[in-house]
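Please consult the sequence and the structure shown below alongside the text.

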Amino acid sequence: MSKKILFTLFVLYSLANVLHAQQGYNLWMDYAGSNSQSRKNLKFLAKSIYMEAGSDILKSVQNEIEIGLSGLLNEKLNFSDTMENDNSLVVSKVSSLKGSWSQSMDVSSERLGNEGFYIRNSDGGILVTANTDIGLLYGVFRLLQTIQSGQDLEGLSLVDAPSVDLRMLNHWDNLDRTVERGYAGFSLWNWQKLPEYIDQRYIDYARANASIGINGTALTNVNANALVLTPMYLEKVAALANVFRKYGIKVYLTARFSAPMEIGELETADPLNAEVRNWWAQKTREIYDYIPDFGGFLVKANSEGQPGPQNYGRTHVDGANMLAEAVQPHGGVVIWRAFVYSEDDETDRAKQAYSEFVPYDGRFMDNVLVQVKNGPIDFQPREPFHPMFGAMPQTPLMMEFQITQEYLGFSSHLVFLPKLFEEVLQSDTYVKGKGSTVAKVVDGSLHRKKLSGMAGVSNIGTDLNWTGHPFAQANWFGFGRLAWNPETRATDIAEEWIKLTYSNNSELVSLLRPMMITSREAVVNYMNPLGLHHLFDTGHHYGPGPWVDNLGRPDWNPTYYHNADENGIGFDRTKTGSNALEQYSKEVSDIFGNLKTCPEAYLLWFHHLPWDYSLNNGNSLWDGLALKYQEGVDEVSEMINTWERARPFITPDQYQEVKMLMDIQLKEAQWWRDASLLYFQTFSGTEIPEGVPRPKKKLEYYKSLKFPFAPGIRPQWD
């Protein structure tokens with residue numbers, strides 16, 4: 001091939017990389033991007049690199065060194081076959097360290113555990129070590145991020161290990177490649193081309209997850225299809241598992257509880273039936289034949305029409321333990337979701353999961369985790385923490401956060417969700433006294449659990465930038481950071497993500513960090529202020545629908561939750577109402593139940609109050625509600641102004657993409673304000689206060705809006 005052709009191919013390849021970087025494909029791993037000035041004094045790292053050889057994971061480690069350091073340093077890397085005292089970088093397990101590198105290992109290997117790592121800069125050389133291959137991979141990613149974000153490596157000494165065992169994404173992906181509550185294109189998994197065709201995106205997906213410590217992925221929707229458990233699909237799943245294994249990621253599948261009937265030709269799926277139990281045991285052995293390190297099953301049962309053990313008069317324990325027995329010989333786990341609410345139970349929906357699961361504490365097998373949503377309703381912009389956290393001391397409770405923005409403006413709105421995650425994790429349950437935070441329940445430290453986990457419902461799709469909105473990448477990134485360590489602060493996550501994604505320029509960081517931190521509160525204000533919740537339009541949850549009252553079940557209707565009438569608004573969950581507060585500890589119940597101590601952010605979640613109730617600032621409830629809606633709109637306007645001030649520090653493409661999305665967000669924030677206030681005004685009978693613009697359209701207009709093809713739900717073609 002001629003030099004001219006080679007040069008042309010190089011130019012085209014470079015242009016393709018630039019395009020990917022500009023459009024966000026490289027996520028927070030754009031090593032060849034900005035920040036080059038801060039890395040000039042680190043070129044010594046390329047001089048003599050010793051990389052331990054061996055497993056496929058170690059090959060991934062070397063690959064990341066080559067991609068990362070060559071991009072960061074813009075230097076040719078020189079690898080050494082031997083570990084010498086003068087190596088510039090040594091990446092090796094503790095057990096393989098030699099000479100001065102072994103002597104520089106001044107922390108106990110026990111501190112590192114199975115996935116932790118130690119990074120040290122000593123005498124002009126950097127050591128990355130761990131007890132395991134996966135620990136080395138995590139350590140190398142952290143070193144690259146440290147360099148990329150412009151941190152000073154002088155005297156660097158970092159020991160880090162995850163606090164949570166299972167750190168996983170839940171993909172609500174269907175086999176037809178639609179994604180339930182997905183707003184970034186179609187499913188990544190191209191089942192038609194698998195197993196032969198391995199898309200580069202599968203590899204880059206694994207790299208991105210490993211870079212933030214995620215070690216598991218559930219490929220399929222919790223509203224499960226049994227076909228994924230058939231050989232035709234298992235060989236496809238195995239092909240993905242072969243890719244992910246090289247990055248320390250296990251594959252999990254959702255188990256349709258009625259699978260023995262649907263694909264097994266049995267007449268029942270009763271978990272106490274011997275034939276059913278044997279079928280699941282055989283099916284599990286078959287899965288492990290395809291995927292030796294299969295993680296286990298994620299199950300949604302007896303919820304929103306999904307089949308489960310209650311169909312046969314059995315309990316959640318019966319169903320979960322049947323599957324746990326099947327995977328136990330192989331080292332697998334069962335993750336049993338607690339998102340249940342029965343159409344036959346007329347009590348407050350917020351109480352039902354607690355009522356169904358807490359009595360079974362201590363009866364689940366040791367390899368069962370009960371996966372609990374962060375709040376007792378359904379991923380609302382703000383909810384109090386779920387009362388199950390802390391109430392099941394003998395059962396591992398796995399946190400379920402939603403990374404995708406089902407109730408938070410889809411991929412059109414900028415919402416930094418780690419602030420929501422932090423708020424929940426730092427909530428105090430008081431179950432073992434002050435300081436008994438949800439984070440300590442989740443990581444297992446509060447009750448000394450042997451197994452812990454955190455799951456995030458994925459926001460990832462086929463869009464070039466993976467998540468639809470560039471800033472939605474920060475929610476994926478932030479989830480990984482918090483799953484690794486639930487005590488991490490949202491401000492630190494925001495700053496790190498800005499530096500890795502855009503630039504470590506201090507002016508840019510000082511602009512974008514507060515914008516990201518306040519963005520979630522802005523959404524709460526223009527959608528569900530003062531503790532209102534579940535006011536979304538039917539099915540697609542796109543936009544406001546507080547007037548909806550005609551759905552098949554009371555608890556599917558927004559009117560069930562806001563209870564607005566001429567006397568006031570809000571859901572009474574005190575002793576005079578549903579008494580959902582009794583499910584919390586006395587300390588929490590006393591705080592939320594007393595109007596003098598209940599934070600106004602949760603006011604209408606726990607109390608039904610008159611329109612003229614006086615808020616802390618002296619405004620009436622009606623005026624305060626209207627002003628909160630306006631505050632949310634104003635905060636979006638301020639975000640737009642902030643983004644304009646950030647313009648000199650980013651590329652034109654980066655600026656324009658987010659600017660267009662922010663314009664959508666402002667328009668929709670105004671829509672939420674106007675539609676909601678016009679509806680609630682029919683009950684309050686009071687004028688909209690000064691400082692809030694009068695809506696330009698009538699309530700009937702907002703009620704007439706229809707969105708039959710809104711993203712995130714299966715298209716209806718008839």
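The points that follow are grouped by topic.

The structure is a predicted model, in which local features require pLDDT of at least 70 and side-chain atom pairs count only at pLDDT 80 or more, while totals for chains, interfaces and linings use all residues. Residues are numbered from 1 along each chain as its sequence is written, and side-chain values use heavy atoms, with hydrogens and water left out. Helices (H or I, at least four residues) and strands (E, at least two) are DSSP runs, numbered from the N terminus.

**Helix packing**

- The axes of helix H15 (residues 506-527) and helix H19 (residues 621-645) cross at roughly 155° and come within 8 Å; axes here are lines fitted to C-alpha atoms, for helices over the stretch in contact, and angles run from 0 to 180 degrees between N-to-C directions.
- This angle makes H15 roughly antiparallel to H19, given that angles under 35 degrees count as roughly parallel, over 145 as roughly antiparallel, 65 to 115 as roughly perpendicular and the rest as oblique.
- The crossing of H15 past H19 is left-handed, a term used if the near helix is turned anticlockwise from the far one by less than a right angle, whereas clockwise gives a right-handed crossing.
- Residues of H15 in this contact (heavy atoms within 4.5 Å) include Leu511, Leu512, Met515 and Ser519, and those of H19 include Tyr629, Val633, Val636, Met639 and Trp643.
- By class, the contact of H15 with H19 comprises 11 nonpolar, four polar and five charged residues; Ala, Val, Leu, Ile, Met, Phe, Trp, Tyr, Cys and Pro count as nonpolar, Asp, Glu, Lys and Arg as charged, and the others, Gly among them, as polar.
- Helix H4 (residues 133-148) packs against H5 at an angle of about 80°, the two axes being 9 Å apart.
- H4 is therefore roughly perpendicular to H5.
- Leu137, Tyr138, Phe141 and Gln145 of H4 make this contact with Arg207, Ala210 and Ser211 of H5.
- The contact of H4 with H5 has, by class, four nonpolar, two polar and one charged residues.

**Salt bridges**

- Side chains of opposite charge can pair when their charged atoms come close.
- A search of the whole structure finds 37 salt bridges, each defined as a side-chain nitrogen of Lys or Arg within 4 Å of a carboxyl oxygen of Asp or Glu.
- In helix H8 (residues 274-290), Lys283 and Glu286 lie three residues apart, about one turn of the helix, and they form a salt bridge whose closest N and O atoms are 2.7 Å apart.
- Lys283 is buried, with a relative accessible area of 9%, whereas Glu286 is partly exposed at 22%; buried means under 20% relative accessible area, exposed over 50%, and partly exposed in between (1.4 Å probe, protein chains only).
- Glu423 forms a salt bridge with Arg520, with 3.0 Å between the closest N and O atoms.
- Glu423 lies in helix H11 (residues 418-425) and Arg520 in helix H15, so this pair ties together parts that are 97 residues apart in sequence.
- Glu423 counts as partly exposed at 24% relative accessibility, while Arg520 is buried, with a relative accessible area of 2%.
- Asp590 and Lys586 both lie in helix H17 (residues 586-593), four residues apart, about one turn of the helix, and their salt bridge has its closest N and O atoms 2.7 Å apart.
- Asp590 is partly exposed at 39% relative accessibility, and Lys586 is exposed, with a relative accessible area of 61%.
- Through shared partners, salt bridges join Arg382, Glu423, Arg520 and Glu521 into one network.

- The buried residues are Pro418, Leu420, Phe421, Glu422, Val424 and Leu425.
- These buried residues pack against strand E13 (397-402), helix H12 (438-442), strand E14 (453-457), helix H13 (473-484), helix H14 (490-501) and H15.

**Individual buried residues**

- Leu397 lies in strand E13 and is buried, with a relative accessible area of 2%.
- Not counting residues up to four places away in sequence, Leu397 touches Val370, Val372, Met388, Phe389, Gly390, Met392, Val442 and Gly453.
- Asn174 lies in the loop between strand E7 (166-170) and helix H5 (200-211) and is buried, with a relative accessible area of 8%.
- Apart from neighbours within four places in sequence, Asn174 is in contact with Val179, Glu180, Trp191, Asn221 and Arg714.
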